[in-house]
Amino acid sequence: LTGGEQAVAPVRPMRQDAPVKDSLAAGALHHYRIPMPSRPTSVSVSVHANGDMPAVWGSTSCDRPQAKAYEFRGRDGSFTYKHMPHDDDEYPCREFFVTVEAASGGCLYTL
């Protein structure tokens, strides 16, 4: 990398009912993708942290959601996405994306 370029963090896969435990340095981001079924379902996203509470963002269309591009924002570290078909029976996405951001300080977290 040259001239102030930043490495793009990878988008990590998540599995249903498989919590992720990790740590973040201040200002760092971790991105996740959750495969969605072709049936109605709810995705509950909840972050529990030791240290500063990280921000959590979600999106059906942006693979790296953040403060400037998101559809869901965690309040007190959590939100719920309801995966439901549109009027034409098509689902809005095949994957749901989540970002955990240590905006104010480093932390250990469970997602």
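**Salt bridges and a pocket**

Trainee: How does Glu-95 count: buried, partly exposed or exposed?

Mentor: Glu-95 has a relative accessible area of 30%, and keep in mind that this is a predicted model. Buried means under 20% and exposed means over 50%. Glu-95 sits between those cut-offs, so the label is partly exposed.

Trainee: Which residue does Glu-95 meet in a salt bridge?

Mentor: Look for a side-chain nitrogen of Lys or Arg within 4 Å of a carboxyl oxygen. For Glu-95, the N to O distance is 3.2 Å, and the partner is Arg-33.

Trainee: How many residues apart in sequence are the parts that this pair ties together?

Mentor: Glu-95 lies in strand E9 (residues 95-101), while Arg-33 lies in strand E3. Arg-33 is partly exposed, at 28% relative accessibility.

Trainee: How many salt bridges does the structure hold?

Mentor: Besides the Glu-95 and Arg-33 pair, Asp-22 and Arg-12 meet at 2.6 Å, N to O. Arg-64 also pairs with Asp-63, with the closest N and O atoms 3.2 Å apart. That brings the number of salt bridges in the structure to three.

Trainee: Which strands does the Asp-22 and Arg-12 pair tie together?

Mentor: Asp-22 and Arg-12 meet in a salt bridge through their side chains. Asp-22 belongs to residues 21-24 and Arg-12 to residues 11-13, so the pair ties together parts ten residues apart in sequence. By name, those strands are E2 and E1.

Trainee: What is the relative accessible area of Asp-63?

Mentor: Start with the salt-bridge partner, Arg-64. Arg-64 is at 24% relative accessibility, so it counts as partly exposed. Asp-63 is partly exposed as well, and its relative accessible area is 35%.

Trainee: Now the pocket. Which element gives the most residues to the lining of the largest pocket?

Mentor: The largest pocket has a volume of about 490 Å³. Of the 21 lining residues, the closest to its centre are Gln-16, Asp-17, Ile-34, Val-43 and Ser-44. The elements giving two or more residues to the lining are strand E3 (29-35) and strand E4 (41-46). The most, six residues, come from E4.

Technical notes: Residues are numbered from 1 along each chain as its sequence is written. This is a predicted model: local features need pLDDT of at least 70, side-chain atom pairs count only at pLDDT 80 or more; totals for chains, interfaces and linings use all residues. Side-chain values use heavy atoms; hydrogens and water are left out. On a 1 Å grid over the protein atoms alone, a cavity is a set of points where a 1.4 Å probe fits but cannot get out, and a pocket is an open set with protein on both sides within 12 Å along at least five of seven lines; lining residues have an atom within 4 Å of a point. Grid points are joined across faces, edges and corners, and a volume is the space filled by probe spheres set on the points. Helices (H or I, at least four residues) and strands (E, at least two) are DSSP runs, numbered from the N terminus. Buried means under 20% relative accessible area, exposed over 50%, partly exposed in between (1.4 Å probe, protein chains only).
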